[in-house]
Amino acid sequence: MNGQIKELTDLEDFKKVYKVFSGPPYNEKYTEEELEEIFREYQEKGYMYGVYNKEECVGMIALERGVKENQPVDFLEEKVMYLADIAVLNNYRRKGLGNQLMLYGVMQSKALGYGKLYMRTLERGSMSYGIALKIGFKQIPNLFQNVEKERVNGQVETMQNIFLELDLNSLNKDTLKQGIQMVSANRDSEREMD
């Protein structure tokens with residue numbers, strides 16, 4: 001499935017998609033005020049894009065300029081973009097929209113003149129981890145961060161996150177084409193399993 005990607009400016013669209021993080025495997029708890037704060041932060045510090053099926057926003061990606069505060073990464077000489085979040089509604093997963101959003105984020109970051117794109121994720125249980133590796137992200141060695149999050153059941157859990165990076169300067173038409181083909185082949189094989 002190919003959706004139309006455009007700038008995400010509607011708070012209600014954002015909240016609807018972002019709430020997927022309140023379901024499995026993440027089970028993160030968010031108040032309406034926290035969701036509004038996250039939305040404002042993404043608007044102020046970066047870019048948000050939604051993928052639309054007709055007029056319904058069914059997925060989103062958020063990119064932030066620079067290194068995120070309180071993260072143990074160090075990019076000395078490069079202009080850096082942070083892939084802050086990527087999410088797709090449950091009913092639209094396994095249709096290639098996450099792949100489409102991730103590739104869009106890579107291409108937008110490069111088009112905006114950034115030299116590196118990085119992200120923080122779980123090595124296990126993350127839906128974006130496998131997509132990122134196929135596109136060409138590499139794990140930053142020996143770099144971890146423990147993150148505490150309140151879960152929907154009220155408990156606070158600590159999860160270990162890893163960091164991945166993509167050198168946008170080394171991307172060219174051939175490497176992007178190869179990544180797109182790998183992602184497309186994976187999406188086709190997932191459809192055969194459904």
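This is a predicted model: local features need pLDDT of at least 70, side-chain atom pairs count only at pLDDT 80 or more; totals for chains, interfaces and linings use all residues.
Residues are numbered from 1 along each chain as its sequence is written, and side-chain values use heavy atoms, with hydrogens and water left out.

Q: How many residues of strand β3 are buried?
A: Helices (H or I, at least four residues) and strands (E, at least two) are DSSP runs, numbered from the N terminus. Buried means under 20% relative accessible area, exposed over 50%, and partly exposed in between (1.4 Å probe, protein chains only). Strand β3 covers residues 56-65 and is largely enclosed by the rest of the structure, because its buried residues number 8 of 10.

Q: Which residue in β3 stands opposite Tyr 49?
A: Two strands pair if DSSP finds at least two bridges between them. Strand β2 (residues 46-53) pairs with β3 in the antiparallel sense over 8 bridges. The residue opposite Tyr 49 is Ile 61.

Q: What is the bridge partner of Met 60 in β4?
A: Strands β3 and β4 run antiparallel and are joined by 7 bridges. The partner of Met 60 in β4 is Ala 87.

Q: Is Asn 70 buried or exposed?
A: Asn 70 lies in the loop between β3 and β4. Its phi is positive, about 65 degrees, although Asn 70 is not a glycine. At 69% relative accessibility, Asn 70 counts as exposed.

Q: What is the relative accessible area of Asn 142?
A: Asn 142 is in strand β6 (residues 138-150). Asn 142 is not a glycine, yet has a positive phi of about 55 degrees. Asn 142 is exposed, with a relative accessible area of 71%.

Q: How many Å apart in space are Lys 95 and Asn 2, C-alpha to C-alpha?
A: Lys 95 is in the loop between β4 (80-88) and α3 (97-111). Lys 95 is partly exposed, at 31% relative accessible area. Lys 95 and Asn 2 are 93 residues apart in sequence, and their C-alpha to C-alpha distance is 8.2 Å.
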